[in-house]
Structures are given as C-alpha cells and as structure tokens.
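Here is a protein model to explore together.

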Amino acid sequence: MADISKDQVKHVAHLARLDITEEEAEMFTDQLSSIITYAEQLNELDTTDVEPTTHVLDIKNVLRKDEPKKWITQEEAMKNAPDQKDGQYRVPSILE
Amino acid sequence: MSLFDYTIKELEAKLHINEITVQELVETSYQRIKEVDGDVHAFLTLNEEQAIAYAKQLDESSERNKSLFGMPAGVKDNIVTKALRTTCASQFLDNFNDPLYNATVVEKLNNEQVVTIGKLNMDEFAMGSSNENSSYEPTRNPWNTDYVPGGSSGGSAASVAAGEVLFSLGSDTGGSIRQPAAFCGVVGLKPTYGRVSRFGLVAFASSLDQIGPITRNVEDNARVLEVIAGHDPMDSTSADVEVPAYTEALTGDVRGLKIAVPKEYLAEGVDPEVKQSVLEALKVYESLGATWEEVSLPHSKYAVAAYYLLSSSEASANLARFDGVRYGVRSENADNMIDMFKKSRSEGFGEEVKRRIMLGTFALSSGYYDAYYKKAQKVRTLIKNDFDSIFETYDVVIGPTTPTPAFKIGEKVDDPLTMYANDIITIPVNLAGVPGISVPCGFSEKGLPIGLQIIGKHFDENTVFRAAHAYEQATDHHKQRPQLGGANA
C-alpha cells in the first residue's frame, strides 16, 4: 500500500505550482494513494533487463541550421498577454 | 436525409455538377447546430460569419480541384486555430481569443479548402473519457442525451454523429478518438505515432499524442488522413515516411487477411453484448475470406497503470507552460510572482487536470522517478514487444474498442480509477505507437453503439483501412443515425 502523507501532497502541490485547499489536500492524499497503489502492480513484473521505451519509433535528433527567419512580431507576441508594459510582459514583483 | 449522409466523394460530384453549393453545405452545418447543439453541446466556439463568407468565395471560384473542397469540418479545441478562440475546454484559456498561428493539420485542411465550422468540446486539456471534465457544459451522446459521448474528443465524435459537421479532427493519447467514436457510432482513427504532425496541438503527453480524423465512414476517414498525414519540419517527432494514397487501399478484398484476437480483449469485464458484437464481426470477416485466431497480449493488464504514470508525468511537464504570463487568465489575487503562478493555475485548472499534474509531479519527483516513471517505461517496452511479436504472424489485431457501451452522465465521476479502466483496450495501442481505428459494429439493447477496434502495424494504416472498409461495406451499422432526445431515444 502506497503511503502518501498529506504533507507530501502539499509539497508536491508546491512543486507543481498549485495552490490547494485543506480539503483538496485530503482528497488528493486519498486519491493519489489509491492510484499509486494501483500502479504498484507493475512491480509484479521483473524488468531488470528491460530497456525503457521513451519513444516507440527510432527517431534521431533533428537539427536545423541556425538561420534567422520571420515568425511573429513583438506586437503579436504581446497581444494575448494578461499584463504588459512598453512591449514587455509585466508580472507581479519577484522579491517580497 | 441530410447532405452529411453522403460521402465526401459523393458531395464532391454534386458540387462539381452544381447540384449543391458550398454555401448550402455550410448552412446545413449551422442549421443543424441551431437545432441540436443546445442538447448536444458539441461546440465551444463557432466560426459562422467567416465560414459563410468563405463558402461564398469558394462557390464563385472556378478552381475546384482541391481534395476536400468546400467540406465543412469541426476541429477539437486543443488544436490551435489562428484568430479563432482555442480554449482546450479550460477556464485557464477562456480568453484565448486570438491565437497567433494555425496548427499544421489546420493549415493542411485550409490548403485543401475545407471550411472550418467551429471548435469542438472536449475533456479539459484532453484529460478524461466522458467529456464531463469540460469546464463548459459537457457534451452529450446524440444517441441518448442521458449518456456520455466518451472522451476526450467527445465533441468531435458527437458533432459528426449528430450531423453537425461532415467530419472532425480529434486527438488520441489513450483512446480519446476511438472511445468516443465507439460511443457515438462513428469512425475514428488514431494514426501511427509520428504519422501526423502535432505542431499546434496543445501537448498533453508528448510520447503518446496523435491527431486523427473522425468521420461517418471509412472512405472519408482515409481521405482526410491523406490530407493531414506527413512529415512536418515544425514537429521533430513527425516521421519522414511516405504517405500512401489510403483511399486506394479500400479494395473490399480481405481474403487471406490474418486476424489476431487477443483473449485479454474479450476477458472478464467486457460486457456480453460487446463481446457478442465482436464475435459476430469476426464471422463477417470469415465470410469475406479472412481467418482469425485467438492470441495473447500478456502484458495488457499492466497498460492502464503504465499509461497513467507516463501520461501524467509528461502532462505535469507540458502544462508547466500555463503560467499566466504570456496568455491565458491570470489570477488577480496574487501578491508576488510565485503566488501568481499558483493562484492562476489553481483557479484556471479543473480537478482532473490538477489530479494528473499532482500524480505526474509525484512520479517524477526526487526518489520516486526510478520506482514509477522508469518502471512504467520498461513495462511500456514489454507491451510494445507483445504487439511486435503478434505482428510477425498476423496482419491486424481485432477486439472491441471499449469494454462497455457509453455509460450514464455522472455514473463514474466520483471514482477516477473506474473511469481510467474504461480505456483498458485503447491504451495499449498508444503505448505501442501503432495505428488503431474504431468502426461501428452493432448496438446494445438500450440502443447505444458498439465499436470494433482494428489495430495494425506501424505505418500500415492501409491494411487497417482495408479491413475496416471491407467490414463496413458488408454491414449496415454505419448507416444508422441517432435520434436526439432523452431516455427513449
């Protein structure tokens, strides 16, 4: 049985940049524990000599020449931004 | 009879002799949407003004040689459309009204003069199997609006089934095209991994995601794939493999076709009505000169567990881009930047999306990576090897698309694991990266469609289409149309 504590869930939420309520922390503690327990059935399989698959096809690194080309303008890049100033994204202060 | 009961080829002929106009086709779409979408909720955004104007322009044009000239289509809302709102059915992107570019698949449809009718509802960020995770009104099954249409491409399947568009595009990470196609009684293909460019598809799990067509018949499906398939310099995972003329594979001839039927796909947990429909489909194949044998894909039962670890891990990384800085809805209640990230994401994401980000972040976090993520990748290898060895002897693998027909709205929302188990027969196909199609193969006693899944070798969509088409032409299931309505529909 996977034993995931509420503190662990809160830590994971912080890593994932999610703000969760006390009730959500409890719900996710239960649900993640049961999902992880379910996932632990994979341990029935001996995979010592099995290579992991990250990609099903034999795909190689794709490189292209570093040539400048037109994509979008600065103005276009800004037009969906929630907040901006002088052609730059504006965010709340980083330092307290 | 609706114009959308014709195939693309038949409509093309009608357009050619001026029996119909593109404008009539496009108005057929919007008329039907006005009639039924208040019940079905397949669409999130309509493109009506631009679509009608474009239809008129096409009607005036003397050049009519493009392969999808004037065909009205819907696009799943996780596929980016320039200047047309793209939300992924998430509140986070509720205001994303002005995307800067088209996904490659959309460019390809545009090049063939398809008319984009609108954007289709889905489970938020493609995470779900019922469309109940849409942050807007959930899509309902046109065969019976008390039931789910499946997911995550529920709007894509329901819109085609309800006759709102001629065809649609969906995306499939663990069954998200095939399962809703089965639930809604239409044809849905997940192509081989790498067959179709994902440039402009909002990424969920990058090692699994594929875009594919949903249509009312196999011929149309092959025709749309011909257009959207192919290598794309903008997607380094798209494969540089020649695109055959898929429609030419539809010979109706399956004599000598060797079919493998995994016993795990008809095991306990598969509804007797579903099993019966599949066995009857196999008899049809026998009568057409194909042969089938029972085989084993021994690692099938581990697929769901491996899938949820892998897909959630990849999702937790992919969804990190939603930070409220460059686009999307930013929380107004934040004191500093980290707080802004957290509040924007928490206010913008629904519960299932948070659950998967949490699971993925946990599985990738220090100390757990080897035990969960890497272990799942190794099990993925075993599942892929299962398919490789079957395909040394057989041409296709056939089974049901889903263990049961559509379930009722609300029936599984409280238990994520029960919901996840619904994808048990579609998930191995994504893990192995092979192509799979769902075609209608019957109806339950309650009148809900049942889907037959045909799985092929990497890049052998030709054989998958040929097998699907021969079965379809020998049966009438694909000619049935839903009556919209409540319990007695």
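A:Asp86 sits in the loop between strand 1 (84–85) and strand 2 (88–89) of chain A. Keep in mind that this model is predicted. Most residues other than glycine have a negative phi, and most peptide bonds are trans.

The peptide bond from B:Gly151 to B:Ser152 is cis, with omega near 10°. B:Ser152 belongs to the loop between strand 3 (115–120) and helix 5 (154–161) of chain B.

## The annotated site in chain B

According to an unreviewed UniProt entry, the "active site" annotation covers B:Lys76, B:Ser152 and B:Ser176. These residues span 101 residues in sequence, yet no two of their C-alpha atoms are more than 11.0 Å apart, so they gather at one spot. Among them, B:Ser176 is part of the lining of the largest cavity. As for B:Lys76, look for this residue in strand 2 (residues 72–76) of chain B.

From UniProt, again as an unreviewed entry, comes the feature "domain: Amidase" at residues 24–464 of chain B. How far apart are the end C-alpha atoms of residues 24–464 of chain B? They lie 33 Å apart, and the span is 36% helix and 14% strand.

## Where the two chains meet

Now turn to the interface. Chain B brings 66 residues to the contact, and chain A brings 57 residues. Together, the two chains bury an area of about 5,600 Å², and carbon and sulfur atoms give 69% of this. Which three residues supply more of the area that chain B buries against chain A than any other three? They are B:Leu100, B:Lys342 and B:Met358, with 12%.

Polar links are found here too. Between chain B and chain A there are 20 residue pairs in polar contact, with both residues at pLDDT 80 or more. Several helices of chain B give two or more residues to the side that touches chain A, including helix 9 (303–318), helix 10 (337–348) and helix 12 (370–390). The largest share, eleven residues, comes from helix 12 of chain B. By type, the residues on this side of chain B divide into 34 nonpolar, 16 polar and 16 charged.

## Salt bridges

How many salt bridges does the structure hold over all chains? The total is 26, and four salt bridges are found across the interface of chain B and chain A. Here are two examples from the model.

| Side chains in the salt bridge | Distance, N to O |
|---|---|
| B:Arg330 and A:Asp83 | 4.0 Å |
| A:Glu26 and A:Lys6 | 3.1 Å |

The pair of A:Glu26 and A:Lys6 forms a salt bridge that links distant parts of the chain, 20 residues apart. A:Glu26 is in helix 2 (residues 22–39) of chain A, while A:Lys6 is in helix 1 (residues 6–15) of chain A.

Notes. Residues are numbered from 1 along each chain as its sequence is written. Chains are lettered from A and ligands numbered from 1 in the order in which they are written. This is a predicted model: local features need pLDDT of at least 70, side-chain atom pairs count only at pLDDT 80 or more; totals for chains, interfaces and linings use all residues. Side-chain values use heavy atoms; hydrogens and water are left out. Contact means heavy atoms within 4.5 Å. Buried area is the accessible area (1.4 Å probe) that two parts lose on being put together, summed over both. A polar contact is a pair of N or O atoms within 3.5 Å; within protein, one must be able to donate a hydrogen and the other to accept it, and residues adjacent in sequence count only if both atoms are side-chain atoms. Helices (H or I, at least four residues) and strands (E, at least two) are DSSP runs, numbered from the N terminus. Ala, Val, Leu, Ile, Met, Phe, Trp, Tyr, Cys and Pro count as nonpolar, Asp, Glu, Lys and Arg as charged, and the others, Gly among them, as polar. UniProt positions are given in the numbering used here, feature names are shortened, and annotations may be inferred rather than shown by experiment. On a 1 Å grid over the protein atoms alone, a cavity is a set of points where a 1.4 Å probe fits but cannot get out, and a pocket is an open set with protein on both sides within 12 Å along at least five of seven lines; lining residues have an atom within 4 Å of a point.
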